[in-house]
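I opened a notebook on this structure to keep track of what I looked up. The entries follow the order in which I went through it.

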Amino acid sequence: MIPTVKEDPADAESISHKLMMRSGLIRKLAAGTYNYLPLGMRILNKTMNIVRQEMDRAGALEVLLPALLPPEPWEQTGRLKDFGDNMFKVIDRTGKLNVLGPTHEEIITSLVANEISSYRQLPVTLYQIQTKFRDELRPRFGIIRSKEFLMMDAYSFHTDGASLDQSYKKMYDAYCRIFDRCKLPYKIIEADPGLMGGSGSHEFTCPSPAGEDLFVTCTNCSYSSNPDLATIKMPDAGCRIPDKDMKPLKEVATPGKSTIEALAGFLNAQPSQMVKTMICNTSKGPVAALVRGDYELNLSKLAKLLNSAVMELADEKTIAKVTGGPVGFSGPVGLKNIPIIADYSVLGLVDFITGANKLDAHLLNTNINRDFKIDQSADIRMITDKDNCPSCGKPGLKILNGIELGHIFKLGTKYSKALNAQFLDEKGARAPIIMGCYGIGINRIIAAAIENSFDANGIIWAEALAPYQVLIISINTSDKGIFQASQDIYDGLTSRGIEALWDDREVSPGIKFKDADLLGVPLIVTIGKGLKDNKVDLKYRASGKKESILLDSAVEYIAKACSV
Ligand SMILES: Nc1ncnc2c1ncn2[C@@H]1O[C@H](COP(=O)(O)OP(=O)(O)O)[C@@H](O)[C@H]1O
Ligand SMILES: [Mg+2]
Ligand SMILES: [Zn+2]
């Protein structure tokens, strides 16, 4: 039941998705859900074991909470609404609403609220490895973003911040050990506590072109951050040149030029001389956000600035209502009853180009104050690799794609307050328990490992994650000598606790060698022609190194090679 496939499946977008399908690890069931076949399951188990060992070593205690959950605790924290359509909802036979857990803060906090009452019982860290359900808008890249996935989620409970800091550090170190053991490269990124609430957060991200998350990292210092947190200072020369230099405002026809690039070509102007106007919906109604034409708006920065839970680009209808014009031609001049928020990058501009709030028209020589007023200026744009590092101030930033493997948060008391999880301190006074939470995507570790270690022929597993340590290939199983020698090596290895897979299929040697490379088992033992000289052949998948060894000492030799 290792159904290998020659061709890349048509719907697979990433290397890991292709190779997992081709090497028979997974099969798609429906959009965002996958079956794990025997080889895939072994890799999942390897991954879970590593995570379990390191969690246990960090002093965390394993529990198992249901996946099918009552909605009440989610209502109490407000997250039934916050998760919205991302949460799967199930009606039971009595008509009562249940939800499928996308994460478990509410449930573990309710449990702890009942079981813990005194400072003497704290601190404690609980974890589980459990299936999570998220109705992702865009399930993608195979198991990297799926609707059902395995997460290790841990939760720590404390009497004070110093104790939280200690456990946070322990988890941080355990995460490093987990990803080191999986031989995964990773960056530890300052992250936004966001939906979780709380004071501090780090993401463990594997740099990879297949990753959907962007992070910014400095080549001069240790700075790595989520772009949403990468603050850009107001430029020193941030203020405008005096009014007398301004040219008169002028409307020009720009038929069909609704993008910055099209407009730049048509008007023979630089994007840095233009201002983009984006109408955004917030919880308090629409706002107009301005950024220089060569920059992108960062919606999270804007959301935080305005303290708005809702933040999205407005649709055509709203834009028409607010500006009187169509998408692609918005501008700040003449806007009424809508706050105008300018990115710092706009402040230094003179005589810039903006939309005219009319189909096929733009304005030349637009100027702040003379032609329109702004309500607020702030840092609301995406950082770029041309910006200086927010930490050391030097140039040398890189913006890279990554796969978020894990995430740790200092939660504080958001959940314990909402769910009444309190403890009695030494003096008998009640206080809310202070919390941290920690998550690792088990499936994602596997995908990230493949994205980082493959060649044209297939996967190259690190020892720790490989489904088997050794693959034995019998060139021809109907040859009694080959069969017996293969059986002896297989038995010898398995009796020593070495995980061996024996390819005893009646197919051509070519197919067996191809599949061996595709599966990526670290050590391949071939039993065939060499047998007449009492020899078997070894091939190391990663290095391609080959050697010929004596049959009689083969088991000892291979066992030794596996233990290094
Ligand atoms: N849809 C998904 N498919 C697979 N793994 C996921 C998915 N969503 C989250 N994970 C994994 O669970 C970990 C913890 O989740 P969390 O930080 O709450 O997710 P997110 O950052 O996507 O909101 C993530 O770091 C990631 O490894
Ligand atoms: Mg996260
Ligand atoms: Zn730096």
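Predicted model: local features only at pLDDT ≥ 70, side-chain atom pairs only at ≥ 80, totals over all residues.

**Loop residues**

I began with D360, which counts as partly exposed because its relative accessible area is 26%, between the limits of 20% and 50%. I found D360 in the loop between strand 18 (352-355) and strand 19. Its phi is positive, near 60 degrees, and D360 is a residue other than glycine.

I then looked up N337, which also is not a glycine and has a positive phi of about 60 degrees. N337 sits in the loop between helix 9 (316-323) and strand 17 (340-343). I noted N337 as exposed because its relative accessibility is 83%, and the class starts over 50%.

In another loop, the one between helix 5 (105-115) and strand 7 (124-133), I found P123. The peptide bond that joins L122 and P123 is cis, with omega at about 0 degrees.

**Strand 19**

I went on to strand 19, residues 361-366, which holds N365. Is N365 buried or exposed? I put it down as buried because its relative accessibility is 14%, under the limit of 20%. A polar atom of the N365 side chain lies 2.9 Å from the backbone oxygen of P248.

**Zinc ion**

Next I looked up the zinc ion (ligand 3). Which residues are its protein donors? I listed C218, C221, C389 and C392, each through SG, at 2.2 to 2.4 Å from the ion. Along the chain these donors follow the spacing C-x2-C-x167-C-x2-C. The angles among the four donor atoms are 105 to 115 degrees, and the site is tetrahedral.

C389 is buried because its relative accessibility is 3%, whereas C392 is partly exposed because its value is 31%.

**Ligand 1**

I turned to ligand 1, which has 14 residues around it. Those that come nearest are R134, E136, S146, E404 and L405. By class, I recorded five nonpolar, four polar and five charged residues in the shell.

Which strand gives the most to this shell? I found that strand 21 does, with four residues. Strand 21 spans 397-412, and strand 8 (148-158) also supplies at least two residues.

I then went through the polar contacts of ligand 1. An oxygen atom of the ligand is 3.0 Å from a polar side-chain atom of H407. A nitrogen atom of ligand 1 lies 3.3 Å from a polar side-chain atom of R444. From I144 the contact is through a polar backbone atom, 3.4 Å from a nitrogen atom of the ligand. On its own, ligand 1 has 530 Å² of accessible area, and the protein covers 86% of this.

**Helix 14**

My last entry is on helix 14, residues 509-519, where the buried residues are K512, D515, A516, D517, L518 and L519. Just after helix 14 comes G520, with a positive phi of about 80 degrees.

Terms used
Residues numbered from 1 in each chain as written. Chains lettered and ligands numbered in written order. Heavy atoms only, no water. Near = heavy atom within 4 Å. Polar contact = N/O pair within 3.5 Å; in protein donor to acceptor, adjacent residues only side chain to side chain. Areas by Shrake-Rupley, 256 points an atom, 1.4 Å probe, with all protein chains shown as cover. Nonpolar A, V, L, I, M, F, W, Y, C, P; charged D, E, K, R; others polar. Donors = N, O, S within 2.8 Å, 3.2 Å for Na, K, Ca; no water. Tetrahedral: all angles 85-135°; square planar, octahedral: opposite > 155°, others 65-115°. Buried < 20%, exposed > 50% of the residue type's maximum accessible area, 1.4 Å probe, protein only.
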